[in-house]
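Hello,

Here is the structure I promised to pass on to you. Have a look at it first, and then read on for what turned up in it.

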Amino acid sequence: MSSPALNVAINGATGRMGVRLIQLIQADPGLRLAAALDRPDHPKLGEDAGTLCGLGPLGVPLSGALVGPVDVAIDFSLPVGALAMAKACAEQGVPMVVGTTGFDPEQRKIMEEASAKIALLISPNLSRAVNLLMRLAGEAARALGDSADIEIVERHHHFKKDAPSGTALRLAEIVGNAVGSSQFVHGRQGDVGERPRGEIGIHALRTGDNPGEHTVVFGLMGECLELSHRALNRDGFALGALDAAKFLAGKPPRLYTMADLLG
Ligand SMILES: NC(=O)C1=CN([C@@H]2O[C@H](COP(=O)(O)OP(=O)(O)OC[C@H]3O[C@@H](n4cnc5c(N)ncnc54)[C@H](OP(=O)(O)O)[C@@H]3O)[C@@H](O)[C@H]2O)C=CC1
Ligand SMILES: O=C(O)C1=N[C@H](C(=O)O)C[C@H](O)C1
């Protein structure tokens with residue numbers, strides 16, 4: 001006998017990621033949309049979440065609060081929305097996958113505190129391939145050491161609110177740890193002088209509807225290595241989030257990472 005479908009709640013349900021997640025949940029017999037949440041003052045609260053994302057009615061109204069039997073929650077909203085969702089999940093014992101980026105250090109700390117009560121996975125990028133890029137970038141930085149100038153370039157759609165991307169910040173942290181540097185420079189302008197050794201440049205481009213690109217550039221004398229990931233649509237992020245949700249459901253409280261899932 002097949003096991004019952006996992007009841008999933010989506011926070012940020014009318015957003016770009018939320019809509020795609022609901023569509024992919026509907027196509028997966030192992031998953032069931034149990035709750036669809038958005039900001040508490042959203043004008044479409046009460047309307048059917050399936051209809052709102054072009055699927056037709058699913059019997060799940062868009063809600064401003066977490067109610068009902070939920071096995072796992074997925075959040076792609078804003079930091080303030082993720083914080084409210086983490087509080088509700090911690091109170092109700094619901095494991096939570098967080099894709100939202102742009103937390104400040106204080107918000108990040110409060111988010112992580114929820115992992116004392118629930119299984120919590122926070123990742124700036126849920127794509128399998130991007131997580132491989134992170135590993136490869138760390139390996140390349142370790143191998144090249146301070147012989148390479150490292151710069152990170154990210155490109156995203158012009159609707160994106162945070163800059164640089166959470167993924168670019170994580171890549172910078174990874175390569176920085178590998179070469180023992182935390183000299184992060186965000187763009188350059190003016191008479192900045194010769195590039196100091198150990199600096200790690202981070203550059204954010206915002207153009208059109210680009211779903212997301214990240215490149216780590218290792219520049220040496222006479223040659224250059226570039227490691228790149230290019231999202232063609234949002235499915236890599238959304239499918240990774242659903243895999244993470246399946247992994248997290250039923251797990252004991254602690255902070256998990258994509259490495260727990262991908263090995
Ligand atoms: N980790 C990963 O793999 C990925 C992470 N992201 C991140 O996910 C987040 C969302 O991205 P995206 O879907 O493109 O953004 P959108 O702006 O399209 O969606 C965000 C949704 O959250 C809603 N929202 C705003 N405030 C709240 C709140 N307080 N409570 C609940 N919902 C709220 C928004 O409503 P309204 O528009 O009405 O304000 C909107 O529906 C971003 O931080 C982005 O960087 C994105 C893709 C992949
Ligand atoms: O806002 C987006 O779209 C994305 N944000 C994430 C980030 O900030 O790293 C991940 C992905 O690149 C898409």
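Before the details, one term: two strands count as paired if DSSP finds at least two bridges between them. Please also keep in mind that this is a predicted model.

Seven strands form an open sheet in the order 3-2-1-4-5-6-12, and their pairing is parallel. Its edges are strand 3 (62-63) and strand 12 (254-256), each of which pairs on one side only.

Parallel to it runs strand 5 (residues 96-98), joined to strand 6 by 3 bridges, and Val98 sits opposite Ile122. Which way do the residues of strand 6 point? Ala119 and Leu121 point one way, Leu120 and Ile122 the other, and all are buried.

Now to ligand 2. The residues around it include Thr101, Asn125, His156, Lys160 and Phe237. By class, its shell holds 2 nonpolar, 7 polar and 1 charged residues. Where does the ligand sit relative to the domains? Both domain 1 (6-126 + 234-262) and domain 2 (128-230) contribute residues to the shell, so ligand 2 lies between them.

Enjoy exploring!

Key:
Residues are numbered from 1 along each chain as its sequence is written. Chains are lettered from A and ligands numbered from 1 in the order in which they are written. This is a predicted model: local features need pLDDT of at least 70, side-chain atom pairs count only at pLDDT 80 or more; totals for chains, interfaces and linings use all residues. A residue is near a molecule or strand if its C-beta atom, placed from the backbone, lies within 6 Å of it. Ala, Val, Leu, Ile, Met, Phe, Trp, Tyr, Cys and Pro count as nonpolar, Asp, Glu, Lys and Arg as charged, and the others, Gly among them, as polar. Domain bounds come from an automatic or database domain assignment. Helices (H or I, at least four residues) and strands (E, at least two) are DSSP runs, numbered from the N terminus. A residue is buried if 20 or more other C-beta atoms lie within 10 Å of its own, exposed if 12 or fewer, and partly exposed in between; C-beta atoms are placed from the backbone.
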